[in-house]
Amino acid sequence: MTSPLHDGPTSPHELSDVPISARLKRWHELSDRDLHVQAIDTLKSRGDYDPSRHGDAGRYPPLTAGEHVELLALAESIARSVRSLAHVDRALQAGVTWQQVATATGQDEQDARRDYQMWADDRHDLYQNYPGTSSGMTGEQYAEAIARAAAP
């Protein structure tokens, strides 16, 4: 993946159509380079840097401000991709309790329910505005989700 950043900042939304494998690859490239820069700087500050042992510092230029923004946007877009409330929905359908959801997601139960309710509302709204979309919820699916949100 070439950098989606040319002259300006990017956001997770701009990266949503980029395959997650490409986003992960680019995140690793930037993150690894940034870590190399930090490690070499630390070694140099301690007087322990040896190019023959630690590599040529010139091969690891510091990230530009734009690349730092890109790294942040990539991290957020990746997190959003893997942190899908569809997983919560399927877990609830499988019999997982709200307390278990809250514990697994690091939230309190009320926040977990609220996030799920908002997700279901959005999926239903999506289906109403774009009937037939695979990521939306029909009226029946929405009613079932609302019942799950209210379940003890």
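1. Helix 5 and helix 6 are roughly perpendicular to each other, a label given to angles of 65 to 115 degrees, and they pack at an angle of about 95° with their axes 8 Å apart. Helices here are DSSP runs (H or I, at least four residues), numbered from the N terminus, and axes are lines fitted to C-alpha atoms over the stretch in contact, with angles running from 0 to 180 degrees between N-to-C directions.

2. This is a predicted model, in which local features need pLDDT of at least 70 and side-chain atom pairs count only at pLDDT 80 or more, while totals for chains, interfaces and linings use all residues. Residues are numbered from 1 along each chain as its sequence is written, and side-chain values use heavy atoms, with hydrogens and water left out.

3. Where helix 5 and helix 6 meet, Trp98, Gln99, Val101 and Ala102 of helix 5 are in contact with Glu109, Ala112, Arg113 and Tyr116 of helix 6, contact being heavy atoms within 4.5 Å. These residues divide into five nonpolar, one polar and two charged, where Ala, Val, Leu, Ile, Met, Phe, Trp, Tyr, Cys and Pro count as nonpolar, Asp, Glu, Lys and Arg as charged, and the others, Gly among them, as polar.

4. The largest nonpolar core has twelve residues, among them Trp98, Val101, Ala112, Tyr116, Trp119 and Met137; such a core is a set of buried Ala, Val, Leu, Ile, Met, Phe, Trp, Tyr and Cys residues joined through side-chain atoms within 4.5 Å, buried meaning under 20% relative accessible area (1.4 Å probe, protein chains only). Helices 4 (85-93), 5 (98-105), 6 (109-129) and 7 (139-150) each supply at least two residues of this core, and helix 6 gives the most, with four.

5. Leaving aside neighbours within four places in sequence, Met137 is in contact with Trp119, Ala120, Arg123, His124, Tyr127, Tyr142 and Ala145.

6. Helix 1 (residues 20-46) and helix 3 (residues 65-82) pack at an angle of about 140°, with their axes 9 Å apart. That makes helix 1 oblique to helix 3, the class left over once angles under 35 (roughly parallel), over 145 (roughly antiparallel) and the perpendicular range are set aside.

7. Ser77, found in helix 3, is buried, with a relative accessible area of 3%. Not counting residues up to four places away in sequence, Ser77 touches Pro12, Leu15 and Arg23.

Note on methods:
Buried means under 20% relative accessible area, exposed over 50%, partly exposed in between (1.4 Å probe, protein chains only).
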